[in-house]
Amino acid sequence: MANEATSMVRGPYRKGVQRRERIVRSASDVFGELGYLGGSLRAIADRVGASPATLIQYFGSKEGLLTAVLEDWTAQTKRSSMPEDVRGLAYFRQLRALMEFHVEHRGLLELFITMAAEATNPGHPARDFIQQRYANGRELWSAKLREAVDDGEIAPLTDAQIEAEIRTLVAVLDGLELQWLLGADIDLPDLVATYIDQSIVRWSA
């Protein structure tokens, strides 16, 4: 009897979790395609065969759904994260693999680029998330470039030079990713790997 009771509880619960996941993934697609402002609850609900009221029941509001989408995006992209225990230049050489992940998971990249563009609006609900994501990335990458200096892999760089190099690197990656999303005939992983090789040569001069 206990096993039967457990099954009765788990069955509906599991279906509820699966339905929630489908809603989040559909919302991720819609927000990636249309943006947060352009992606309506109706459009998301239609993709999962539900009503906007059902989405509100699960997430409380459209902003609550966006929070769930960003949490899911973070969890999924952790699979692509470059190991942080890799030191110095070896860390940056992993960027090819990161770009390969982006190519294989276009929707995740599209979602981030779209949210980042919209978050230039101070009132956008994803603004804090995007700002923190960039800040954390710059801090980590600056530390890795500093390791390369400390290990004698490249020429000495001041803190100001390191910050400028990392900001430029992030801008180049964002720009190449955007061009690829727009349909540019480029090999994104190869182009990024080439840029990193050129940067290492310049840093070593």
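Colleague: Which element of the protein chain has the lowest mean pLDDT, and which the highest?

Modeller: This is a predicted model, and pLDDT is the predictor's confidence in each residue. Helix α1, residues 2-38, has the lowest mean among the elements, at 78, while α9 has the highest, at 98. Over residues 1-9 the pLDDT is below 50, and beyond near neighbours in sequence this stretch has one contact in the model. Where pLDDT is low, the predicted coordinates should not be read in detail. For the protein chain, the mean pLDDT is 92, and 94% of its residues reach 70 or more.

Colleague: Which residues touch the most other members of the largest nonpolar core?

Modeller: In soluble globular proteins, nonpolar side chains tend to be buried together. Here the largest nonpolar core has 54 residues, and F31, L65, F92, L95 and W141 touch the most other members. Helix α9, residues 159-181, gives the most to this core, with eight residues.

Colleague: What is L95 in contact with, leaving aside its neighbours within four places in sequence?

Modeller: L95 is in contact with M82, W141, L169, L173, V192 and I196, once those neighbours are left aside.

Colleague: How should I read the largest pocket, and which residues are closest to its centre?

Modeller: Start with the volume, then take the lining. The largest pocket holds about 830 Å³ of space. Its lining has 30 residues, and those closest to the centre are W73, L98, R133, G137 and W141. Two or more lining residues come from each of α4 (62-77), α6 (95-104), α7 (106-118), α8 (127-150) and α9. The most come from α8, with nine. By class, the lining has 15 nonpolar, nine polar and six charged residues.

Colleague: What lines the largest cavity?

Modeller: The structure holds one cavity of 30 Å³ or more, and the space in the largest cavity is about 30 Å³. L70, W73, L111, F112, M115, F129 and I130 line the largest cavity. By class, the lining has seven nonpolar, no polar and no charged residues.

Colleague: Why is S204 called partly exposed?

Modeller: S204 has a relative accessible area of 38%, so S204 is partly exposed. S204 is in helix α10, residues 188-204. Leaving aside neighbours within four places in sequence, S204 is in contact with E153, I154 and A155. S204 and P156 are 48 residues apart in sequence, yet 8.7 Å apart in space, C-alpha to C-alpha.

Conventions
Residues are numbered from 1 along each chain as its sequence is written. This is a predicted model: local features need pLDDT of at least 70, side-chain atom pairs count only at pLDDT 80 or more; totals for chains, interfaces and linings use all residues. Side-chain values use heavy atoms; hydrogens and water are left out. A nonpolar core is a set of buried Ala, Val, Leu, Ile, Met, Phe, Trp, Tyr and Cys residues joined through side-chain atoms within 4.5 Å. Buried means under 20% relative accessible area, exposed over 50%, partly exposed in between (1.4 Å probe, protein chains only). Helices (H or I, at least four residues) and strands (E, at least two) are DSSP runs, numbered from the N terminus. Contact means heavy atoms within 4.5 Å. pLDDT is the predictor's confidence in each residue, from 0 to 100. On a 1 Å grid over the protein atoms alone, a cavity is a set of points where a 1.4 Å probe fits but cannot get out, and a pocket is an open set with protein on both sides within 12 Å along at least five of seven lines; lining residues have an atom within 4 Å of a point. Grid points are joined across faces, edges and corners, and a volume is the space filled by probe spheres set on the points. Ala, Val, Leu, Ile, Met, Phe, Trp, Tyr, Cys and Pro count as nonpolar, Asp, Glu, Lys and Arg as charged, and the others, Gly among them, as polar.
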